[in-house]
Amino acid sequence: MRLKTSLQKEPKHKELVCCVGWTTADELYSCSDDHQIFKWNLLNNETTLVVQLQDDIYPIDLHWFPKTVGGKKQSLAEIFVLTSSDGKFHLASKTGRIEKSVEAHRGAVLAGRWNYDGTSLITAGEDGQIKIWSKSGMLRSTLAQQGSPVYSVAWGPDSDRILYTSGKQLIIKPLQPSSKALQWKAHDGIVLKVDWNSVNDLILSGGEDCKYKVWDSYGRQLYSSALHDYPITSVAWAPDGEVFAMGSFNTLRLCDKTGWSYALEKPNTGSIFSLAWSADGTQLAGACGNGHVIFAHVVEQRWAWKSFEITLTKRRSMQVRNVTNDAVDVLEFRDPIIKASLSHSHLVVTTSLQCYVYSVKNWNTPLIFDLKEGTVSLILQAERHFLLVDGAGIYVFSYEGRLVSSPKVPGMRTDILNAQAISLSNDTVAIRGKTDEKVIFLFDALTGKPLADGKPLTHKLEVMEIALDQCGVAADRKIALIDKNRDLYLTSVRRFSREPIISKIGTMVHTMAWNDSANILCAIQDSQFTVWYYPNAVFVDQELLPKTLFSKDASEFSRTPQILNYVGTLVTIRRADGSLVYSSVSPYPAMLHEHTGASRWNDALRLCRFAKASEPEDQTLWASLAAMAMASKELTAAEVAYAAIGEVDKVQYINYIKELPSKESSLAHILLFSGHVQEAETMLLQAGLIYQAIQIHINLYNWDRALELAVKHKTHVDTVLAHRQKYLQDFSKKETNKRFLQYSEGVEVDWEKIQAKVEMELAKERERAAGASV
């Protein structure tokens, strides 16, 4: 990925250009110390003078009123704020007419920014004051006052906090009067420019110490650049938060959100005082010290999937290359390309007006449909359909171009969703809440309706990343989530009126991805690259989960790597320096999933034996098969698998289950095997097997529940008391439980009678089972 820059031969402005701002994807306004405001039309390359300002107005900053809020067009979208050196800010129309001028600060007004919904304007001045104004220009409050000038200011993602500069410090101040500000030393020189992205919640800063830095919203440094030759005079996030641009003297750099540099340009611009991205994130404009306005657009962006590599060669064209046979296709588009995604045998491309869907089998005839809202900010793909996110909503389409559903989360700004906060599978859409990040909203992908009666999934901590598994039936769909503590959890999406069991399967997890063709999960866990061959084992046999893991040292991936995808047997990882590293995973687990998914248990056993012959010490496949077989209630395969990994006690228990007379008893004990005591009890009681339900609680020493069931159903009270007495005698203890003392007074314990009753219950069960089979 790089920037293709363009400069006019002669600068239009006679003095330095101080600020620029986009009105549409192809129209830009620029202001200069020559008191002129120019309009640049990139479609016909025309530059027109909008207005000649009064000689006493030296503009410093310009910001357009936000055009869309929650997908709705604003009536005030034709207005911009212009700050100037005389201590005023001016509200001006698109024609350049100044509607209102407001005395705001003593000395120059160095920055002015609308918040995301356009209800407030913030200004920062040379006098060290930060003030909040209504959209009509009425003063609401003075947020901060300090001894040094405030050079730059930015709104927080929810417009509830302000980031501003204070010498070498950065300060985040919440708007609530009682809230405490967060302050930290950011640079060794004065901080000149800041930006705060609403999608990734990351902060950019550039200073006179000739460095740019990336921070999280808690003030923790994520990246610090090498020393540049000149101070960093401008920084700007792309709207989707994936890349940012940085400007310095004769320098323009395009960087990834993690800090590493995609491209470095050395244009003849002087210092770049201001940078602005177009709303679609495809173009960039810079205000230059020598009177030029520099334009740049992103090219050579790459997407890869299996044997296909796709490159964005120009704004309206792509090149497709199949590396297996070196076949090359060129795809041309009517409008500039905004977003693209390549996965699951399909390429999805969105332009400002249309969406193109290509199959990798045929690059000549795409399926094309129109888009309601132009700027698509995110594309996600699953095997059967794909999802588009724009400022107006979330849409699930089939690869035939049919709108399948449009899930809606009340009160959520969809344009700030990123790939970590939303996930798609064939039957489910999961969206992490924004106001409360502990909440995950789950929707049926085919209808757009909320799952589980509209009740969202709630975790105990803020969720950082979510991912749905991609294979299997909807009833078994699982979601993996990484929380604020960097713990990895797994839970079921369809809960069937039960409270969800959220099970922890990993700690210190930085990044994760599901395989595209089997429910295998990989992650970078502390300093290990870990693959969970069968994560579902945590719900089947928790003790087995560690045996289903494959781990290897992850030091080759450097610090803070990012897993991009896991396709087939190949995991693609982006290192902190931007280089791509590929890690191969054994093909056997995916084959095992395929066999067990198709109920080919003999093939699965043969595969495990074959793998064991080549790697005698490796038990991960056998452990995975054991858990898969128990989940599918396939006891014979489970018995063989458990025997292969030396779990003798479980083999004995499986044999005991196989010999049980009735189907209900077997199913109940399989549930018990997985630790689901309540479900096992419910199944036995529904089948009328009261004694068996009491007996499982006796075996688990759940004495109170065993007695409760016996009393409730008026049977086997003496059995419970007899077992309780024997238990106390074995441990030389006396009865202290009041309920047992109460019932033992009126009930006589006779082991022979109890034995006869038990035999009778078992005989009844055998008769019922025989009758059912006939």
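Leaving aside neighbours within four places in sequence, Leu 264 is in contact with Thr 251, Leu 252 and Arg 253, where contact denotes heavy atoms within 4.5 Å. Leu 264 belongs to strand S27 (residues 261-265); strands here are DSSP runs of E with at least two residues, helices are runs of H or I with at least four, and both are numbered from the N terminus. The relative accessible area of Leu 264 is 39%, so the residue is classed as partly exposed; buried means under 20%, exposed over 50%, and partly exposed in between, with a 1.4 Å probe and protein chains only. Although 262 residues separate Leu 264 from Arg 2 in sequence, their C-alpha atoms lie 7.9 Å apart in space.

The structure is a predicted model, in which local features need pLDDT of at least 70 and side-chain atom pairs count only at pLDDT 80 or more, while totals for chains, interfaces and linings use all residues. Residues are numbered from 1 along each chain as its sequence is written, and side-chain values use heavy atoms, with hydrogens and water left out. The pLDDT, the predictor's confidence in each residue on a scale from 0 to 100, has a mean of 89 over the protein chain, and 97% of the residues reach 70 or more. Confidence is lowest in strand S8 (residues 72-73), with a mean of 50, and highest in strand S24 (residues 234-237), at 96. Where pLDDT is low, the predicted coordinates should not be read in detail.

The protein chain contains 13 helices and 57 strands, and its C-alpha trace spans about 110 × 65 × 45 Å along the principal axes. Of its 774 residues, 54% are buried. Among contacts with a separation of 6 or more, 43% involve residues 24 or more positions apart. The chain exposes about 34200 Å², of which carbon and sulfur atoms supply 50%; the areas come from the Shrake-Rupley method with a 1.4 Å probe. There are 85 positive and 88 negative side chains, and the centres of the two sets lie 2 Å apart. In this count Lys and Arg are positive and Asp and Glu negative, with His and the chain ends not counted; each charge is placed at NZ of Lys, CZ of Arg, CG of Asp or CD of Glu.

In helix H5 (residues 635-644), the buried residues are Leu 635, Ala 637, Ala 638, Glu 639, Ala 641 and Tyr 642. Gly 646, which follows H5, has a positive phi near 75 degrees. Ser 662 occupies the loop between helix H6 (648-658) and helix H7 (663-673), and counts as buried because its relative accessibility is 5%. A polar atom of the Ser 662 side chain lies 3.2 Å from the backbone nitrogen of Ser 665.

Asp 326, with a phi of about 60 degrees, is located in the loop between strand S33 (317-322) and strand S34 (327-332). Lys 714, with a phi of about 55 degrees, lies in the loop between helix H10 (703-712) and helix H11 (717-730); Lys 714 is exposed because its relative accessible area is 75%.

Ala 763 lies in helix H13 (residues 751-773) and, with a relative accessible area of 28%, is partly exposed. Between Ala 763 and Val 320 the sequence separation is 443 residues, and the C-alpha to C-alpha distance is 71 Å.

Note on methods
Polar contact = N/O pair within 3.5 Å; in protein donor to acceptor, adjacent residues only side chain to side chain.
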